[in-house]
Amino acid sequence: MAIRKSNKLTQTTVIKHILKRCSSLGKKHGYDDDGLPIDVPKGHFAVYVGESRSRYIVPISFLTHPEFQSLLRRAEEEYGFDHDMGLTIPCEEVVFRSLTSMIR
């Protein structure tokens, strides 16, 4: 019986993609010389949620929570990480707020 190699990215790889993507947006207005958004505190990153793409600032520590990682996998499947929209989470805002309030 042959072992099939999974096409899924490892958790570490996904997190690295996310952090790289979040920090690579620095070519637009509102970003400092290091390419980081001025209004996002150190140790946090911005995500866009829901149909209206509302912006939320979340702690990097969320990246280690299985529930949040599930959202990130869905985001990767639906949007990928290589686009100009920022990190977009495909779920309703009320669900996102409920999930993040449980994580805190």
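The side chains of Glu93 and Arg97 meet in a salt bridge, with 3.6 Å from N to O. A salt bridge here is a side-chain nitrogen of Lys or Arg within 4 Å of a carboxyl oxygen of Asp or Glu. The structure holds 1 salt bridge. Side chains of opposite charge can pair when their charged atoms come close. Glu93 and Arg97 are 4 residues apart in helix H3 (residues 93–103), so about one helical turn separates them. Arg97 is partly exposed, at a relative accessible area of 41%.

This is a predicted model, in which local features need pLDDT of at least 70 and side-chain atom pairs count only at pLDDT 80 or more, while totals for chains, interfaces and linings use all residues. Residues are numbered from 1 along each chain as its sequence is written, and side-chain values use heavy atoms, leaving out hydrogens and water.

Helices (H or I, at least four residues) and strands (E, at least two) are DSSP runs, numbered from the N terminus. Buried means under 20% relative accessible area, exposed over 50%, and partly exposed in between (1.4 Å probe, protein chains only).

Now the strands. In strand S1 (residues 44–49), 5 of the 6 residues are buried, so S1 is largely enclosed by the rest of the structure. Two strands pair if DSSP finds at least two bridges between them. S1 has these pairings:

S1 and S2 form a hairpin with 4 residues between the strands. There, Gly50 takes a positive phi near 80°.

Thr64 sits in the loop between S2 and H2. Thr64 is exposed, with a relative accessible area of 56%. A polar atom of the Thr64 side chain lies 2.8 Å from the backbone oxygen of Ser61.

Next, the helices. Helix H2 (residues 66–79) packs with H3 at an angle of about 145°, and their axes are 10 Å apart. Glu67, Phe68 and Leu71 of H2 make the contact with Phe96, Leu99 and Ile103 of H3. Contact means heavy atoms within 4.5 Å. Axes are lines fitted to C-alpha atoms, for helices over the stretch in contact, and angles run from 0 to 180 degrees between N-to-C directions. The contact residues divide into 5 nonpolar, no polar and 1 charged.

Technical notes. Ala, Val, Leu, Ile, Met, Phe, Trp, Tyr, Cys and Pro count as nonpolar, Asp, Glu, Lys and Arg as charged, and the others, Gly among them, as polar. A polar contact is a pair of N or O atoms within 3.5 Å; within protein, one must be able to donate a hydrogen and the other to accept it, and residues adjacent in sequence count only if both atoms are side-chain atoms.
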